[in-house]
Amino acid sequence: SVFTALQKRITIREVKEKKLPLQMLSNLLWAACGVNRKKGPLGIPGRTAGSASNSQEIDLYVALPEGIYLYGAALHRLVPVVAGDLRSLAIGQGQGNWGAKAPVRFIYVVDIDKFKEAGFQEPGLKNPEIQKSYYYVDTGLIAGNVYLFAASQGLAAWFHNCNIPALTGKLDLSPIQRPLFGQTIGYPEKG
């Protein structure tokens, strides 16, 4: 139940290298920010995590041993972005060596242009300071979903900083896109 997941929600930094089954990864991605209704607010498909005026300005990148992928929620697919094991970039410097070989690391990237595409253009969507508060909250909503999914499945999860300069280059992001945070998910080392 939701209450059980909330009771079990905890940050666990020690994560095993063991890969997640594909179905579990699929379920994790959907829980994070998948499409849960074809017609959501303002006629745009709705997601499991809310966003300012349903702008869906947070892109979810997934760092796996094989490479980094972009989660395409509309088709529930991982789109290859860059090959190679770059999971170390999804964690900030000075974060220790926790979960160094964790099977999955999420990278939360904001795309400011998506505020322009939102169905309802309230004034805050054009104000950089208000945009910042929106995209930080919206990232937190997704990360919270990940924590609850992890708790419900006996997985470890840890929300943390990421290597912003390195990711900006490796992901070939535009000037209106910015890496914000990372989140590590996998099986707990103990248990």
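These are my notebook entries on a predicted model of a protein.

**Ground rules.** I number residues from 1 along each chain as its sequence is written, and side-chain values use heavy atoms, with hydrogens and water left out. Because the model is predicted, local features need pLDDT of at least 70 and side-chain atom pairs count only at pLDDT 80 or more, while totals for chains, interfaces and linings use all residues.

**Elements.** I took helices (H or I, at least four residues) and strands (E, at least two) as DSSP runs, numbered from the N terminus. I found five helices and eight strands. Their order from the N terminus is α-α-β-β-β-β-β-β-α-α-β-α-β.

**Overall form.** I looked up the radius of gyration, taken over C-alpha atoms, with a globule rule of 2.2 Å times the number of residues to the power 0.38. For 191 residues the rule gives a value near 16 Å for a compact globule, and the protein agrees because its own value is 16 Å. Along the principal axes, the C-alpha atoms fill a box of roughly 50 × 40 × 30 Å.

**Burial and contacts.** I called a residue buried at under 20% relative accessible area, exposed at over 50% and partly exposed in between (1.4 Å probe, protein chains only). Of the 191 residues, 48% are buried. Contact means heavy atoms within 4.5 Å. Among contacts between residues at least 6 apart in sequence, 68% join residues at least 24 apart.

**Core.** I defined a nonpolar core as a set of buried Ala, Val, Leu, Ile, Met, Phe, Trp, Tyr and Cys residues joined through side-chain atoms within 4.5 Å. The largest has 38 residues, and Phe 106 and Tyr 108 touch the most other members. At least two residues of this core come from each of α2 (22–33), β3 (58–64), β4 (67–72), β6 (104–111), α4 (128–153) and β8 (177–186). I then listed contacts of Phe 106 beyond four places in sequence; among them are Leu 28, Leu 29, Leu 60, Val 62, Val 146, Phe 181 and Ile 185.

**Tyr 187.** I found Tyr 187 in the segment after β8. Tyr 187 counts as buried because its relative accessibility is 16%. Lys 18 is 169 residues from Tyr 187 in sequence, yet their C-alpha atoms are 6.9 Å apart. Beyond four places in sequence, the contacts of Tyr 187 include Glu 14, Lys 18, Leu 20, Pro 21, Met 24 and Leu 155.
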